[in-house]
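Dear colleague,

I am handing over the structure below, and after it I set out what was found. Please read the notes with the coordinates open beside them.

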Amino acid sequence: MSTSGGRPWTADLGDGTYRNPVLNADWSDPDVVRVGEDFYLTASSFGRVPGLSLLHSRDLVNWSLVGHALDRLEPAADFAVPRHDRGVWAPSLRHHAGRFWIFWGDPDHGIQQISAKDIRGPWTAPHLLKAGRGLIDACPLWDEETGEAYLVHAWAKSRSGIKNRLTGHRMSPDGRELLDEGKTLVDADTIPGWFTLEGPKLYRHDGEFWILAPAGGVTTGWQGAFRSRDFFGPYEERVVLAQGRTGVNGPHQGGWVRTAAGEDWFLHFQERGAYGRVVHLQPMRWDDEGWPVIGDAGEPVSVHPKPAAPRQPAEAPASSDSFPGGRYGRQWQWTANPRPGWTVEHAGDGLRLSCVRTAYAHDLRALPHVLVQRLPAETFTAEVEVRLGSEVAGAKAGLAVLGDAFSWIGLERSDGGGVRLVHRYAETVAEHERDAEHSRPAAQGRARLRIEAGAGARCRFHADTGDGTGFRPSGQVFAAEPWRWVGALLGLFATAPTGTGPAGTACFTGFRTTA
């Protein structure tokens, strides 16, 4: 694995208890499955590539990133540029007939599925199960008792004009065909006080069909449970998790899993602005009326005894990276489908990014060739060294905090041939970046860059140009902004003005985060 240095956030407190969130980064809309003694999790990846990140755990608390299920997004032309509000929404992860299955809704194209014998792949090519706009949050169910298969999904009003409704289908056992036109399973417009019902997960338990689905909106909603003896209803409902007296806003949308020891647990997200949707783990039990009780009597827990499982070392998905052999680690994604030549292979350590020629270098939000990863914690430091090898005037490379607004610090080749340190930013409404600080020489053509992020994702930028003065702060504090559905991101990039021929490279070494 491509990591070095730094210490990530860990949820394992080392005394048999854990703290929430168990994944303190933007793992949006999580779903989880157990196979034997192993747990696997996937999450929304929207327009980033590779998509459908795959995480592994032995105890639901300590997680590692083991791969991705999607190498590219299709249709490829739609994802040639950043699409942060499109692509993979709220996937479901299941294991059936010796294979892993992932179903998801692309709000602009329809419901798709892939499968693999091994979680690390190879995965099948995406199969479009149901075409249409606004079809989201798909989840399958194979009834092991009857051999029947089913699918449930929600709706995105922005594409379909429909919301607050769950639709169900009978499905072929191979997951490649729907066997009916579909029927409304739950119309939450008929339930007083319920709105924005979405994100359903479908289960069979104690002779009944169960749909666990959130409502009430991402930031302030709640988790609902629906049950029926018949798949097509009628369903009765109950709120099974809500903020209550806690500070965990909108605790909802996720998956139920039963451990090998017979314990029930529920993983869900909490929306936290620029940090995205962090993941919490809640204990789950069943009351005398057969309803699930999640958390502490329906409210989220902050610290709790860990699931019964063999002791595991404290672990969290990697964020630091030494780029061994010139390769980047699994934690990195491109902001759109990658193209050949964006990275340059070499034998040593360090990541060489091509200075891609573009007319849009003034706005990082428009660039497909930004290599990004999630903010690794609420407060953290990120450092990397960059060397600008391009001789093209106007070529630049740097370290960015990227969202609806962005700020970056790095190096730029001047018209006179020298290299200078620059720090630029753009507000949410701005279409063109501007200086955040006066530029200064970087005579050695390299600099060590640092971002210190405090509470509220307030970021302070620093740089050391090797002139003997060490790290110096640059510009004003920058408050990171999320995208519409995605938290802010850390990014590495290299660009050059439009023109002909190769524009050289920038080399990044020793990317290190400390939470």
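**Cores**

The largest nonpolar core has 69 residues, and W63, L492 and F508 are those with the most contacts inside it; a nonpolar core is here a set of buried Ala, Val, Leu, Ile, Met, Phe, Trp, Tyr and Cys residues joined through side-chain atoms within 4.5 Å, where buried means under 20% relative accessible area, exposed over 50%, and partly exposed in between (1.4 Å probe, protein chains only). Strand β27 (residues 380-388) gives this core its largest share, five residues. Apart from it lies another core, of 39 residues, which includes C139, L141, A156 and I211.

Before going further, please note that this is a predicted model, in which local features need pLDDT of at least 70 and side-chain atom pairs count only at pLDDT 80 or more, while totals for chains, interfaces and linings use all residues. Residues are numbered from 1 along each chain as its sequence is written, and side-chain values use heavy atoms, with hydrogens and water left out.

**Two residues in loops**

With neighbours within four places in sequence left aside, L492 is in contact (heavy atoms within 4.5 Å) with a set of residues that includes F323, W332, H369, V384, F508 and F511. One of these, H369, sits in the loop between β25 (356-357) and β26 (371-374), and it counts as buried because its relative accessibility is 5%. Not counting residues up to four places away in sequence, H369 touches W334, T335, W342, V356, T358, L492, A494 and T495. P324 lies in another loop, between β22 (303-305) and β23 (333-334), and is partly exposed, with a relative accessible area of 26%. The C-alpha atoms of P324 and W408 are separated by 24 Å, the two residues being 84 apart along the chain.

**Strands and sheets**

The chain contains one helix and 36 strands, helices (H or I, at least four residues) and strands (E, at least two) being DSSP runs numbered from the N terminus. Strand β10 (residues 135-142) has eight of its eight residues buried, so it is largely enclosed by the rest of the structure. Over six bridges, β10 pairs with strand β11 (residues 149-155) in the antiparallel sense, two strands being counted as paired if DSSP finds at least two bridges between them. P140 has L151 as its bridge partner in β11, and in the hairpin of β10 and β11, with six residues between the strands, G147 takes a positive phi near 80°.

Elsewhere, an open sheet of four strands has the order β18-β19-β20-β21, with antiparallel pairing. At its edges stand β18 (252-258) and β21 (292-294), each with a single partner strand, so one side of each is left without a neighbour in the sheet. Strands β19 (residues 264-271) and β20 (residues 277-286) run antiparallel and are joined by eight bridges, with D264 standing opposite M284 in β20.

**The chain as a whole**

Of the 515 residues of the chain, 59% count as buried, and the C-alpha atoms fill a box of roughly 75 × 50 × 45 Å, taken along the principal axes. Residues 24 or more positions apart account for 58% of the contacts with a separation of 6 or more. The chain exposes about 19,500 Å², of which carbon and sulfur atoms supply 47%, the areas coming from the Shrake-Rupley method with a 1.4 Å probe and, for residues, only the protein chains shown counting as cover.

With best wishes
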